[in-house]
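Subject: Structure handover and notes

Dear colleague,

I am handing over the structure below, together with my notes on what was found in it. Please read the notes with the structure open beside them.

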Amino acid sequence: MLWGGNLGTLEIRAEGGATHLSARFPYQAETELAPGRREVFAPHAFRARIEAGGEIHLLAQHDYTKPLASTAAGTLRLRSTDLAVEIEATVDASTTWAADFLAAHRAGLIRGLSPGFRVPSGGDKVERRGADLVRTVTQAALFEVSAVTVPAYPSAQIEARAWETHQDRQPYRGAVNPLNRWRL
């Protein structure tokens with residue numbers, strides 16, 4: 001399985017005890033994976049696998065022993081648009097790895113987004129552009145997306161916000177205190 005990441009965003013919010021994650025993995029964002037080797041995903045490269053409804057996981061660091069959500073569990077939803085794969089998930093922070101992921105993210109240590117995928121025969125094309133080889137992935141089977149420390153695509157980014165509605169857990173007393181609205 002290959003991994004990649006690119007210009008994407010990941011937002012995390014906690015509401016009513018549940019942690020909600022939303023992310024975008026954009027298409028057509030080229031990156032240099034190694035000197036002289038570049039890669040880009042064509043629009044809807046992941047669409048077939050997403051629409052087929054197969055199980056896809058949200059993982060911490062591409063580690064299948066650290067699942068955060070999945071389509072089979074009903075905690076992960078994905079949609080391919082012309083511009084990006086849109087990801088929505090509910091993360092249960094009661095596992096140690098999920099709590100560790102959320103803490104590392106709050107500390108600014110995990111900011112990348114990276115997909116794990118397989119490219120079938122004929123699902124990519126490679127062309128030479130000057131001294132570089134550019135691989136365009138036109139079709140890939142997406143098996144997982146991961147929150148990672150160092151994505152293959154440096155521009156893949158994660159953002160997080162926490163929304164706290166329970167007054168007994170507010171850092172500052174008073175329901176309308178603006179410091180209670182968004183906390184990291």
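Which are the buried residues of helix 2 (residues 96-106)? In this model, which is a predicted one, the buried residues of that helix are Ala-98, Phe-101, Leu-102, Ala-104 and His-105. Seen down the axis of helix 2, these buried residues fall within an arc of 165°, and they therefore line one face of the helix. Just after the helix, Gly-108 takes a positive phi of about 80°.

An open sheet is formed by 4 strands in the order 4-5-12-11, and the pairing in it is mixed. Strand 4 and strand 11 are the edge strands, each of which pairs on one side only, and the twist from one strand to the next averages 30°. Strand 11 and strand 12 run antiparallel and are joined by 6 bridges; in this part of the sheet, Glu-127 stands opposite Val-134 in strand 12.

Searching the whole structure gives 6 salt bridges. One of them is formed by the side chains of Glu-30 and Arg-129, at 2.9 Å from N to O. This pair links distant parts of the chain, since Glu-30 sits in the loop between strand 3 (18-26) and strand 4 (31-34) while Arg-129 sits in strand 11 (residues 124-129), 99 residues apart. Glu-30 counts as partly exposed because its relative accessibility is 32%, and Arg-129 counts as partly exposed at 41%. Arg-129 also meets Glu-127 in a salt bridge, at 3.5 Å from N to O, and Glu-127, at 36% relative accessibility, is likewise partly exposed. Glu-30, Arg-38, Glu-127 and Arg-129 are linked in a network of salt bridges.

Where do the two partners of the salt bridge between Glu-39 and Arg-135 lie? The side chains of Glu-39 and Arg-135 meet at 2.8 Å, N to O.

The aromatic residues can be taken as a group, and the structure holds 6 aromatic pairs. In one of these, Phe-25 and Phe-41 have their ring centres 5.6 Å apart and their planes at 75°, which is over the 60 degrees that the label requires, so the pair is edge-to-face. It links distant parts of the chain, with Phe-25 in strand 3 and Phe-41 in strand 5, 16 residues apart. Phe-25 counts as buried at 2% relative accessibility, and Phe-41 is buried with a relative accessible area of 0%. The rings of Phe-41 and Phe-46 have their centres 5.2 Å apart and their planes at 35°, so this pair is tilted; Phe-46 is buried, as is Phe-41. Phe-25, Tyr-27, Phe-41, Phe-46 and Phe-117 form one aromatic cluster. An aromatic ring also takes part in a contact with a charge, where Arg-118 lies over the face of Phe-143, at 5.0 Å from the ring centre.

Most residues other than glycine have a negative phi. Gln-28, although it is not a glycine, has a positive phi of about 65°; this residue lies in the loop between strand 3 and strand 4 and is exposed, with a relative accessible area of 57%. Gln-61, also a residue other than glycine, has a positive phi near 60°. Gln-61 is found in the loop between strand 6 (57-60) and strand 7 (63-70), and with a relative accessible area of 35% it is partly exposed.

Note on methods: Residues numbered from 1 in each chain as written. Predicted model: local features only at pLDDT ≥ 70, side-chain atom pairs only at ≥ 80, totals over all residues. Heavy atoms only, no water. Salt bridge = Lys/Arg side-chain N within 4 Å of Asp/Glu carboxyl O. Helix = DSSP H or I, 4+ residues; strand = E, 2+ residues; numbered from the N terminus. Buried < 20%, exposed > 50% of the residue type's maximum accessible area, 1.4 Å probe, protein only. Arc of directions from axis to C-beta. Pairing = 2+ DSSP bridges. Axes fitted to C-alpha atoms, helices over the stretch in contact; angles between N-to-C directions. Phe/Tyr/Trp six-rings, centres within 6.5 Å; stacked < 30°, edge-to-face > 60°. Lys NZ or Arg CZ within 6 Å of the ring centre and 35° of its normal.
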